[in-house]
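Subject: Structure handover

Hello,

Here is the structure I promised to pass on. Please open it first, then read the notes below.

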Amino acid sequence: MKLVKTEDGSLTFFSEKYQEHYHSISGALEEAFEKHVKALGIKDGMKILDFCFGLGYNAIAATKGHKELEIFGLENDLTIIQKMIDLEVPDLLEPEYDNFRLLFEKMEITDENDNTIKLLIGEAWQNLGQFEDGFFERVFFDPFSPKKQPEMWSKKIFHKIYLKMKNGGKLSTYSCAKMIRENMKEVGFKVLDGPRVGRKSPATIAIKNNNTQNKK
Ligand SMILES: C[S@@+](CC[C@H](N)C(=O)[O-])C[C@H]1O[C@@H](n2cnc3c(N)ncnc32)[C@H](O)[C@@H]1O
C-alpha cells in the first residue's frame, strides 16, 4: 500500500485492490471533520456506527472534544488497522489518535473521556447483524466509491443500516451519486446535501425520518 500526503497535510493510503485512495486527496482529516463529524452534529454519549473504519479518522475525529461516545468500527482488513500503530498524524488530531493507535492489538479501547471505540472485523454488513434495531444515532458511511464497490451502496445495505438506526438518526457520506441517493430514498431515508468541501459537489446526509414508512 502506498502512503500519500493529502492537501491538508494528513496522510492516506492508495489501495492497489480498488485503485483508489482511502480518503479525498484534498484533505483526509478535513473530510473526517467536515463531511462526517461536524455534518452530523455529534453529541456526547451518542452511539455511532463507523461503517468502513480504515485508519479510523472519522471515529477518532468524533472523539475530539466529546465524551462517552460509543463507536463501533466495521472493517474487513486488518492490514489497514495495523497501519494506525505508527501513522504520522497532524497535531490537530494527534493526542486523540494516540489514544486509539493500538486498536489493532486490543480491538476495544476507552479513552480518558470515556469514549470507546470497538472494532468488529469481518464483512461489514454481516457484523451489523449483531446490533439490535434502532441502536445507532449516527453513521459514518465510508466504503470505497460507488464505481469501485457498487455492492456497498446497494438498497440491500442501506436497508440493513436503516433498520439499525434510531428514528431521527443521521448518516453521512462523501458521495452524492444519483444512484446512491435513489437507493437511500427507496429504503426510507430523507436525503439532503451535505457540506461542499474540497470539491464542487456536495456530500450527502441521510436521515431516518419518523414519518417515513420504510418501503423495502
Ligand atoms: C474509503 S476506506 C475508509 C476510510 C476510513 N473511514 C478512514 O477514516 O480511514 C474504505 C474501507 O472499507 C474497508 N472495506 C471495504 N469493503 C469492506 C467490507 N465489505 N466490509 C468491511 N470493510 C470493508 C476497506 O478495507 C477500507 O479500509
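**The largest pocket**

In all, 43 residues line the largest pocket, and those nearest its centre are E20, H21, P143, F144 and S145. Please keep in mind that this is a predicted model.

Several elements each give two or more residues to that lining. The strands are β3 (20-21) and β5 (70-75). The helices are α1 (28-38), α2 (57-63) and α3 (78-82).

How much space lies in the largest pocket? About 870 Å³. By class, its lining holds 18 nonpolar, 13 polar and 12 charged residues.

**The ligand**

Where does the ligand sit? In the largest pocket. Around the ligand there are 21 residues. H23, L55, E75, E123 and D142 come nearest. This shell has 10 nonpolar residues, seven polar ones and four charged ones.

- H23: an N or O atom of its side chain is 2.8 Å from an oxygen atom of the ligand.
- E123: a polar side-chain atom lies 2.7 Å from a ligand nitrogen atom.
- A124: here a backbone N or O atom lies 3.0 Å from a nitrogen atom of the ligand.

How much of the ligand's accessible area does the protein cover? On its own, the ligand has 600 Å² of accessible area, and the protein covers 97% of it.

Best wishes

Definitions and conventions
Residues numbered from 1 in each chain as written. Predicted model: local features only at pLDDT ≥ 70, side-chain atom pairs only at ≥ 80, totals over all residues. Heavy atoms only, no water. Near = heavy atom within 4 Å. Polar contact = N/O pair within 3.5 Å; in protein donor to acceptor, adjacent residues only side chain to side chain. Areas by Shrake-Rupley, 256 points an atom, 1.4 Å probe, with all protein chains shown as cover. 1 Å grid on protein atoms, 1.4 Å probe; cavity = no way out; pocket = protein on both sides within 12 Å on 5 of 7 lines; lining within 4 Å. Sits in = over half its atoms within 2 Å of the grid points. Nonpolar A, V, L, I, M, F, W, Y, C, P; charged D, E, K, R; others polar. Points joined across faces, edges and corners; volume = space filled by probe spheres on them. Helix = DSSP H or I, 4+ residues; strand = E, 2+ residues; numbered from the N terminus.
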